[in-house]
2 protein chains.
Amino acid sequence: MMAQQTAVQQPTRMNGLDVQTALDTIEAIKADASLARFQFRARNTWIDGGENRSVIRDFYGAGREDDSRSVAFEFTNGEPPVLLGNNEGANPVEFLLHALAGCVTTTFVLHAMARGIEIRELSTQLEGDLDLRGLLGLDDSVSPGYEQIRIKMNVQANCSDEALDDLLAYTQQHSPVCNTVCRPVPVAIERASA
Amino acid sequence: MMAQQTAVQQPTRMNGLDVQTALDTIEAIKADASLARFQFRARNTWIDGGENRSVIRDFYGAGREDDSRSVAFEFTNGEPPVLLGNNEGANPVEFLLHALAGCVTTTFVLHAMARGIEIRELSTQLEGDLDLRGLLGLDDSVSPGYEQIRIKMNVQANCSDEALDDLLAYTQQHSPVCNTVCRPVPVAIERASA
């Protein structure tokens, strides 16, 4: 995808991304696949009811522990009154939509750069359908997760509609969050002994 | 699970949740399954490079459009320098871990209440492994999504270890985000025509 012959004809930055750094990353990973291994992390603490808070800072990637973040990110999950909360924050299934929107957007913008496509505007609208009987254990035939998620993308760029549709299909196949959702990913939960 | 005979022996609030409201919700859904149908939403706008922002406010559930949120939630995705960004926010795969942590926690606390288990402390640590060759399209045999996610839970409660392990297994089977991750969920992406 990111053939050097395409990218060297592009300006230094494209779609807000540094083209040379992207190319260097690709070349480094091609030479040593272990540099592609990342481990992301979160620590979460229950507060009360449907309220809990995550701290996110460190991760491993490109062969080392990252040290670029001087301050940790913190995010609060909550629930609306209809789901027994007080809107202390967005709820977990809404945060999942935020993660999915962001990942599809960043994957699109990255591979647009690789194809020499300049993005002017990009926005998405997401909807996800959920049947609460799954969470509540009222009907074993109902999956507790989203039944389906729909994304509508608005994009303005310097290319044809066909090129955008091709890029969008490629994005769907290569977005990490999209593939975590649309493919089965094992989740191992273990209780730490007291 | 939430049999009334169990719950009426409990105090009005348990684990920060209103027991009677929970029971009323269950009974209402049992009488009319359409009340269990929820639709969650997010709108996201690309800013530049790996930075984009979601607005989350309205949703449909319990038979109507929710109007409980006077202000929208906003969250910013970013990327660290090693992934071509400036740490404008946590990145999408990290937000997914936050969503997963929160959902497992809230599902655990909810069904603990239903079982009459009082939670004193609850925290989780999450790790997810990702191979960047998937996102970059460098190796089609590598999935772009998480390969595996591990959750370690620390919990203090007024019950036996066996009861906690049983509750944890039930939680894993009934958490919406956990089931969106561990089962395949269809994601439909469509480009709006200009």
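Predicted model: local features only at pLDDT ≥ 70, side-chain atom pairs only at ≥ 80, totals over all residues.

Me: What percentage of the residues in chain A is buried?
Reply: Among contacts in chain A that join residues at least 6 apart in sequence, 49% are between residues at least 24 apart. Burial is counted over the 194 residues of chain A, and the buried share comes to 55%.

Me: Are H3(A) and H5(A) roughly parallel, roughly perpendicular or oblique to each other?
Reply: In chain A, helix H3 (residues 92–114) packs against helix H5 (residues 161–174) with the axes 9 Å apart and at an angle of about 125 degrees. The contact brings Val104(A), Thr107(A), Phe108(A), His111(A) and Ala112(A) of H3(A) together with residues of H5(A), among them Leu164(A), Leu167(A) and Tyr170(A). An angle of 65 to 115 degrees would count as roughly perpendicular and one over 145 as roughly antiparallel, and H3(A) and H5(A) are therefore oblique.

Me: In chain B, is the crossing of H3(B) and H5(B) left-handed or right-handed?
Reply: The axes of H3(B) and H5(B) come within 9 Å and cross at roughly 125 degrees, and the two helices are therefore oblique to each other. On the H3(B) side the contact includes Phe108(B) and His111(B), while on the H5(B) side it includes Leu168(B) and Thr171(B). As for its hand, the crossing of H3(B) and H5(B) is right-handed.

Me: Within what arc do the buried residues of H5(B) fall, seen down the axis of the helix?
Reply: Helix H5 of chain B, residues 161–174, has 14 residues and reaches 20 Å from its first C-alpha to its last, close to the expected 20 Å. Its buried residues are Leu164(B), Leu167(B), Leu168(B), Tyr170(B), Thr171(B) and His174(B). In general, an α-helix has 3.6 residues a turn, so residues three or four places apart point the same way. The buried residues of H5(B) line one face of the helix, because they fall within an arc of 165 degrees.

Me: Which elements of chain A do the buried residues of H5(B) pack against?
Reply: Some of the packing partners belong to chain B itself, namely helix H3 (92–114), strand E9 (148–157) and helix H6 (176–182). The partners from chain A are helix H4 (132–136) and strand E10 (187–191).

Me: Which residues of chain A is Ala101(B) in contact with?
Reply: Ala101(B) is placed in helix H3 of chain B, and at 0% relative accessibility it counts as buried. Leaving aside neighbours within four places in sequence, its contacts in chain B are Thr124(B) and Leu126(B), and those in chain A are Asn44(A) and Ser54(A).

Me: Is Arg150(B) buried, partly exposed or exposed?
Reply: Arg150(B) lies in strand E9 of chain B, and beyond its neighbours within four places in sequence, its contacts include Gln39(A) and Ala188(A) as well as Glu127(B) and Asp129(B). Buried would require under 20% relative accessible area and exposed over 50%, so at 25% Arg150(B) counts as partly exposed.

Me: Is Leu84(A) buried or exposed?
Reply: Leu84(A) is found in the loop between strand E7 (73–77) and H3 of chain A, and its phi is positive, about 75 degrees, although the residue is not a glycine. Since buried means under 20% relative accessible area, the 19% of Leu84(A) makes this residue buried.

Key: Residues numbered from 1 in each chain as written. Chains lettered and ligands numbered in written order. Heavy atoms only, no water. Helix = DSSP H or I, 4+ residues; strand = E, 2+ residues; numbered from the N terminus. Expected span 1.5 Å × (residues − 1). Buried < 20%, exposed > 50% of the residue type's maximum accessible area, 1.4 Å probe, protein only. Arc of directions from axis to C-beta. Contact = heavy atoms within 4.5 Å. Axes fitted to C-alpha atoms, helices over the stretch in contact; angles between N-to-C directions. Parallel < 35°, antiparallel > 145°, perpendicular 65-115°, else oblique. Left-handed = near helix turned anticlockwise from the far one by under 90°.
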